[in-house]
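Hi,

Here is the structure I promised to pass on.

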Amino acid sequence: MADNRPIGIFDSGIGGLTVASAIRQALPMERLLYFGDGAHVPYGERSNAQILTFSTAITEFLLASDAKLVVVACNTASAAALKPLRERLPHITFVGMEPAVKPAVEHTRTGVVGVIATVSTMQSAVFASVVERFGQGVEVIQQACPGLV
């Protein structure tokens with residue numbers, strides 16, 4: 001039996017619409033429910049506790065709207081809130097984002113890649129892990145961008 005509940009997707013603004021578009025292309029029959037948090041944008045200079053508070057409230061809204069899974073379409077929210085959300089709601093499937101270091105490394109012609117991200121993302125353990133796992137053998141130039149959405 002098909003599960004007709006929507007896929008819940010959220011971002012700190014509208015950037016996650018690219019994720020929603022990719023989901024729509026890959027899964028054209030799925031219903032999507034998108035939440036862009038324009039009230040608290042940008043997340044990048046907020047504390048992890050604030051980001052977790054926003055992410056929890058949005059997740060609760062999506063689940064109250066009968067979402068069957070939650071896509072955290074924001075690198076900053078994924079870095080700050082994904083692990084605690086999974087721990088608090090182990091029965092819910094969460095999909096998160098990682099900074100795109102791996103594809104950048106795979107496609108570099110010079111052996112150098114540049115990564116721009118929010119301050120919060122750059123300072124996260126998730127970002128450090130991605131660079132450690134996929135950045136071997138190349139120079140990864142990192143630039144935190146205050147105000148980036």
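Predicted model: local features only at pLDDT ≥ 70, side-chain atom pairs only at ≥ 80, totals over all residues.

Residues are numbered from 1 along each chain as its sequence is written, and side-chain values use heavy atoms, with hydrogens and water left out.

Helix 2

I'd begin with helix 2, residues 48-64. Helices here are DSSP runs of H or I with at least four residues, strands are runs of E with at least two, and both are numbered from the N terminus. (The expected span is 1.5 Å times one less than the number of residues.)

The buried residues of helix 2 are I51, L52, F54, S55, T56, I58, T59 and L62. Buried means under 20% relative accessible area, exposed over 50%, and partly exposed in between, with a 1.4 Å probe and protein chains only. What do those buried residues pack against? Their partners are strand 1 (7-11), strand 2 (32-36), strand 3 (69-72), helix 3 (75-88), strand 4 (94-95) and helix 5 (119-122).

The pairing with helix 3 is worth a look on screen. The axes of helix 2 and helix 3 come within 9 Å and cross at roughly 60°. Axes are lines fitted to C-alpha atoms, for helices over the stretch in contact, and angles run from 0 to 180 degrees between N-to-C directions. The two helices are therefore oblique to each other; in this scheme angles under 35 degrees count as roughly parallel, over 145 as roughly antiparallel, 65 to 115 as roughly perpendicular and the rest as oblique. Helix 2 passes helix 3 in a right-handed crossing, a label used if the near helix is turned clockwise from the far one by less than a right angle (left-handed if anticlockwise). On the helix 2 side, the residues involved are N48, I51, L52, S55, T56 and T59, and they meet T76, A77, A80, A81, P84, L85 and R88 in helix 3. Contact means heavy atoms within 4.5 Å.

Two backbone details

Just after helix 2 comes D66, with a positive phi of about 75°, and D66 is a residue other than glycine. D66 sits in the loop between helix 2 and strand 3 and is partly exposed, at 42% relative accessible area. The other detail is the peptide bond from V41 to P42, which is cis, with omega near -5°. P42 belongs to the loop between strand 2 and helix 2.

Salt bridges

How many salt bridges does the structure hold? There are three, where a salt bridge is a side-chain nitrogen of Lys or Arg within 4 Å of a carboxyl oxygen of Asp or Glu.

- R5 and D3 meet through their side chains at 2.8 Å, N to O. R5 is partly exposed at 31%, and D3 is partly exposed at 35%.
- E30 pairs with K68, with the closest N and O atoms 2.6 Å apart. This pair links distant parts of the chain, 38 residues apart: E30 is in the loop between helix 1 (17-26) and strand 2, while K68 is in the loop between helix 2 and strand 3. E30 is partly exposed at 24%, whereas K68 is buried at 16%.
- E98 pairs with R133, with the closest N and O atoms 2.9 Å apart. E98 lies in the loop between strand 4 and helix 4 (101-107) and R133 in helix 6 (residues 125-134), so the pair ties together parts that are 35 residues apart in sequence. E98 is partly exposed at 42%, as is R133 at 44%.

Leaving aside neighbours within four places in sequence, E98 is in contact with N75, V130, R133 and F134.

Is T121 buried or exposed? T121, in helix 5, is buried at 2% relative accessibility. Not counting residues up to four places away in sequence, T121 touches N75, T76, P99 and F127.

Cheers
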